[in-house]
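Subject: Structure handover

Hello,

Please find the structure we spoke about below. My notes on it come after.

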Amino acid sequence: MSDKKEWPLWEVFIRGQHGMSHRHVGSLHASDNEMAMKNARDVYTRRNEGVSIWVVEAQHISASVPSEKGPMFDPAKDKVYRHPTFYELPDEAGNM
Amino acid sequence: MSALFEFLLRQGDNTLVLGHRTSEWCGTAPALEEDIALANTALDLIGQTQLWLGYAAQVEDKGRSANDLAFLRDVYDFKNVLMLETPNHDFGRTIMRQFLFDAFQVHWLTALTDSKDSHISEIAIKSVKEAKYHLERSRDTVIALGDGTEKSNVIMQSALEYLWPYAREIMSDDAVDEEIASLEIAPLPSTIHESWLQIVEPTMRDACLKIPDSNFVHNGGKTGLRHTEHLGHMLATMQVLQRSYPGVTW
């Protein structure tokens with residue numbers, strides 16, 4: 001078959017039962033977003049892992065460049081004062 | 001044989017036979033994602049079978065288990081409709097068969113949630129959620145392939161033509177159905193036909209497929225009168241372990 005093409009790649013994010021946010025769990029192939037959603041349900045939530053799914057076509061994700069990770073991340077390494085560990089958090093503030 | 005036992009066998013044999021057929025795709029489906037999805041569907045159906053045949057065994061009260069009913073009965077004791085025992089043939093026919101069944105099953109199980117028999121309504125409440133997802137998936141796939149390439153449209157049209165004469169056996173009534181309906185355990189299967197068509201017709205329109213102009217229906221599966229030649233071969237594979245090593249467990 002000459003018109004055989006791979007389905008595009010999608011990245012899957014799932015929010016678990018007790019999770020606060022969606023986490024990347026893997027990727028899959030699908031022809032469109034609805035099929036990606038169903039495939040994500042079938043491939044990544046068979047063991048009751050999730051309560052919410054996001055899918056995004058991989059080509060729409062902008063990623064940082066590994067070779068630039070020095071200028072990108074190193075400057076934050078010696079700025080401990082940016083961590084809020086110097087403060088007492090009142091219980092009422094909840095999750096930060 | 002009581003009408004209730006017979007009724008429960010029909011429910012359980014439908015899900016068992018389709019579940020086994022669907023499981024035959026395991027490891028050979030056209031895409032990894034589809035392979036897993038089909039295996040999930042098969043497992044849902046086998047899970048429903050455990051509930052139906054478990055209750056059937058209890059109603060029969062002869063010391064048989066759901067496993068005995070599944071693995072130690074022969075062809076003519078099976079009460080599944082003929083469509084579900086037809087060979088997978090190709091992915092198109094497999095998914096079309098699933099769709100034609102799901103479109104019935106969603107309405108049927110919804111009706112059974114109101115059964116006077118609380119055991120049946122509980123099975124229906126659990127199963128209908130699975131059936132709704134199966135329908136969503138099979139309907140979208142039928143539309144995607146029917147309205148896909150010229151080649152996939154031809155495959156889906158031929159799947160529909162092959163399966164159409166089998167599709168409505170599940171909505172034909174007999175004496176067992178009438179007795180069950182009079183006890184308000186389930187409605188007559190024929191009462192589902194209208195709502196089944198309301199799913200099937202628009203789906204076929206969206207899928208650019210033409211419903212065959214024929215009212216002929218192959219009967220004989222749900223009554224056990226005559227199965228196709230395919231069921232025996234399927235059971236030979238499905239039952240081989242229990243037949244060769246009776247009572248084996250692991």
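The notes take the two chains in turn and then the contact between them.

First, the conventions. This is a predicted model, in which local features need pLDDT of at least 70 and side-chain atom pairs count only at pLDDT 80 or more, while totals for chains, interfaces and linings use all residues. Residues are numbered from 1 along each chain as its sequence is written, and chains are lettered from A and ligands numbered from 1 in the order in which they are written.

Chain A

Chain A has 2 helices and 3 strands (helices are DSSP runs of H or I with at least four residues, strands are DSSP runs of E with at least two, and both are numbered from the N terminus). From the N terminus, the order of elements is β-β-α-β-α. Its radius of gyration is 19 Å, whereas a compact globule of 96 residues would have one near 12 Å (the radius is taken over C-alpha atoms, and the globule rule is 2.2 Å times the number of residues to the power 0.38). Along the principal axes, the C-alpha atoms of chain A fill a box of roughly 65 × 35 × 15 Å.

The 3 strands form an open sheet in the order 2-1-3, with antiparallel pairing (two strands pair if DSSP finds at least two bridges between them). Strand 2 (23–29) and strand 3 (52–57) of chain A are the edge strands, each pairing on one side only. From one strand to the next, the twist averages 30°. Strand 1 (residues 9–15) of chain A is joined to strand 2 of chain A by 6 bridges, and the two run antiparallel. In this pair, L9(A) stands opposite H29(A) of strand 2.

Helix 1 (residues 33–44) of chain A lies across strand 1, strand 2 and strand 3 of chain A, and runs at about 130° to strand 3 (axes are lines fitted to C-alpha atoms, for helices over the stretch in contact, and angles run from 0 to 180 degrees between N-to-C directions).

Chain B

The C-alpha atoms of chain B fill a box of roughly 55 × 40 × 30 Å, taken along the principal axes.

Two helix pairs in chain B are described here. In one of them, the axes of helix 1 (residues 3–23) and helix 2 of chain B come within 8 Å and cross at roughly 155°. These two helices of chain B are therefore roughly antiparallel to each other (angles under 35 degrees count as roughly parallel, over 145 as roughly antiparallel, 65 to 115 as roughly perpendicular and the rest as oblique). The crossing of helix 1 and helix 2 of chain B is left-handed (left-handed if the near helix is turned anticlockwise from the far one by less than a right angle, right-handed if clockwise). Their contact has 16 nonpolar, 9 polar and 1 charged residues (Ala, Val, Leu, Ile, Met, Phe, Trp, Tyr, Cys and Pro count as nonpolar, Asp, Glu, Lys and Arg as charged, and the others, Gly among them, as polar).

In the other pair, the axes of helix 4 (residues 91–112) and helix 8 (residues 193–206) of chain B come within 9 Å and cross at roughly 140°. Helix 4 and helix 8 of chain B are therefore oblique to each other, and their crossing is right-handed. Helix 4 of chain B brings L100(B), A103(B), F104(B) and H107(B) to the contact, and helix 8 of chain B brings S195(B), W196(B), I199(B) and V200(B) (two residues are in contact if their C-beta atoms, placed from the backbone, lie within 7 Å). By class, these residues divide into 6 nonpolar, 2 polar and no charged.

Between the chains

The contact between the chains takes 10 residues from chain A and 8 residues from chain B. On the chain B side, helix 2 (32–60) and helix 5 (118–146) each supply at least two residues. Helix 2 of chain B gives the largest share of that side, 4 residues. The side of chain B that touches chain A has 3 nonpolar, 2 polar and 3 charged residues.

Helix 1 of chain A and helix 2 of chain B meet here: their axes come within 9 Å and cross at roughly 65°, in a left-handed crossing. N39(A), D42(A) and V43(A) of helix 1 of chain A make the contact with E33(B), I36(B), A37(B) and N40(B) of helix 2 of chain B. By class, this helix contact has 3 nonpolar, 2 polar and 2 charged residues.

Regards
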